[in-house]
Amino acid sequence: MAKIWLCVICCVSGISLHAQSQQDTLQVYFRRGYAVLELELRENRKTLDELTAVLKECENDTSRHFARLHVEGNASPDGTAQVNVRLTRKRVEAVLGYLRQRVEIPDRLVSVQANGFDWEGLYLRVEDDPDCPARQEVIGLLADTPEWIYDAQGRIVDGRRKRLMDLRGGLPYRYLSEKVFPDLRNATITLYYQTDDARTPKETSDPSLGRVPGTVAGEVSDTLAAASPMGEAASVEKTSGEGEGDVRQGEIASDTLVQQPWHRLAIKTNLLYDAILMPSLEVEYRIDDRWSVAVEGSVAWWKRDSRHKYYQIATILPEGRYWFGTKKPWHGHYVGVFAGGSWYDLENGARGYKGEFFATGVSYGYMFPIGRSLSIEAGLGVGFLHTTYEEYLPIDGHYVYQQTSRTNWFGPVKVKLALVWRLWNDKKGGRR
């Protein structure tokens with residue numbers, strides 16, 4: 001019964017298990033530029049939970065148990081090569097951390113590899129995609145163009161990615177970026193089995209390849225280097241700005257690596273409100289790469305009793321936001337829902353208005369960076385505003401009540417041009 005149950009699990013999870021099979025491969029996926037393991041992304045939760053169940057079942061199967069677990073981190077051709085090696089290393093660590101919290105996996109049976117750009121995966125997917133624009137040209141470019149092309153001084157002057165981006169005005173690259181690149185942002189997990197009549201797959205330990213930082217003794221890197229359809233192994237070469245000579249994967253991996261800052265918090269001031277002497281402050285917290293919450297407040301408490309001039313207003317507006325079309329955290333579009341209120345007393349030597357209002361509506365905004373920790377944000381809020389206020393007149397040193405009025409308004413209720421300071425770096429690491 002145990003073997004039957006194991007086969008059912010493997011069939012459901014899409015893992016091809018056969019009587020003579022020695023390995024199973026599956027993938028979990030990540031968002032662009034992130035190493036956070038999101039269980040709700042695609043079918044990550046189902047994939048990992050079913051793999052965990054298989055590993056636990058193997059512990060009780062005396063005739064079949066796993067011999068090694070190999071995890072490879074991959075990335076799409078975005079950003080720089082060195083940053084993507086760091087990113088894929090973090091993806092490997094995220095997957096292993098999840099599995100080790102649920103099943104015991106001896107260190108000696110774990111091997112890892114941080115590939116950076118997954119050119120081989122891109123090549124194979126283009127081969128299988130008849131809808132790719134200029135498909136044969138793309139295949140030829142991937143097969144024949146070196147990843148980096150240097151001049152006589154050893155500087156990068158061209159390369160595979162640049163030529164791919166320039167091909168046919170960028171049409172194939174835009175198609176691949178939308179349709180194919182999301183599949184390349186993954187961690188590939190290969191489970192190797194050992195049966196009673198099979199030996200453990202041979203492990204290699206080439207010291208020139210080094211070990212991915214953060215792994216423990218016994219984990220080896222690049223143990224299963226398969227031949228690439230492009231005739232090259234997965235490697236990381238020199239990038240612009242680095243020293244002379246190629247940078248091997250082991251040399252990059254042996255460094256203490258970090259990801260680019262992923263700021264959790266942003267503090268803002270609305271420059272438009274500041275300009276009319278109503279200082280503003282907003283705090284926004286980033287829950288993940290899609291959702292954030294914010295609270296915006298502004299206050300002006302100016303008065304001149306001798307001239308009957310009052311400019312007093314205090315406003316608070318909480319808001320929830322959904323980000324889309326983002327190029328990276330805090331860079332892109334968002335839509336939001338807000339609701340809040342205000343208290344005010346406004347008079348300029350004549351009739352005065354004292355009351356409060358309630359506003360609710362939807363907002364749209366766009367934020368873009370202008371520095372490592374600074375951004376500019378522009379936005380507009382449209383919705384419903386209801387206010388109740390008392391009208392009064394200053395007469396002989398007294399403020400004489402006139403009437404109570406109410407007003408309803410539907411339309412723009414807030415506008416923003418804000419200076420943003422991003423802080424609270426959520427990604428920890430060492431030197432670059």
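**Close-up views**

View 1. Glu-282 is buried at a relative accessible area of 4%, where buried means under 20%, exposed over 50% and partly exposed in between, with a 1.4 Å probe and protein chains only. The model is predicted, and local features need pLDDT of at least 70 while side-chain atom pairs count only at pLDDT 80 or more, although totals for chains, interfaces and linings use all residues. Residues are numbered from 1 along each chain as its sequence is written, and side-chain values use heavy atoms, with hydrogens and water left out. Arg-321, which also counts as buried at 1% relative accessibility, forms a salt bridge with Glu-282 (a side-chain nitrogen of Lys or Arg within 4 Å of a carboxyl oxygen of Asp or Glu), and the closest N and O atoms are 2.9 Å apart. This pair links distant parts of the chain, 39 residues apart, since Arg-321 lies in strand E11 and Glu-282 in strand E9 (residues 280-286); helices (H or I, at least four residues) and strands (E, at least two) are DSSP runs numbered from the N terminus. Both residues belong to a network of salt bridges that also links Lys-268, Glu-284, Glu-296, Glu-319, Glu-377, Lys-414 and Lys-416. The whole structure holds 25 salt bridges.

View 2. A cavity is a set of points on a 1 Å grid where a 1.4 Å probe fits but cannot get out, and its lining residues have an atom within 4 Å of a point. Glu-319, Arg-321, Tyr-334, Ser-363, Tyr-364, Gly-379, Leu-380, Gly-381, Lys-414, Val-415 and Lys-416 line the largest cavity. At least two of the lining residues come from each of strands E11 (309-328), E13 (352-369), E14 (374-395) and E15 (398-425). By class, the lining has four nonpolar, three polar and four charged residues, with Tyr counted as nonpolar and Gly as polar.

View 3. Arg-168 is exposed, with a relative accessible area of 54%, and its phi is near 50°, a positive value in a residue other than glycine. Arg-168 forms a salt bridge with Glu-137, the closest N and O atoms being 2.4 Å apart. Arg-168 lies in the loop between helix H6 (160-166) and helix H7 (171-179), whereas Glu-137 lies in helix H5 (residues 135-144), so the pair ties together parts that are 31 residues apart in sequence. Glu-137 is partly exposed, at a relative accessible area of 35%.

View 4. Val-138, Ile-139, Leu-141 and Leu-142 are the buried residues of H5. Seen down the axis of the helix, they fall within an arc of 165° and so line one face, the arc being that of the directions from the helix axis to the C-beta atoms. Gln-136 and Asp-144 are exposed on the other side of H5.

View 5. Of the 20 residues in H3, 14 are buried, which leaves the helix mostly covered. Glu-93 is partly exposed, with a relative accessible area of 27%, and forms a salt bridge with Lys-90 in which the closest N and O atoms are 3.9 Å apart.

Notes: On a 1 Å grid over the protein atoms alone, a cavity is a set of points where a 1.4 Å probe fits but cannot get out, and a pocket is an open set with protein on both sides within 12 Å along at least five of seven lines; lining residues have an atom within 4 Å of a point.
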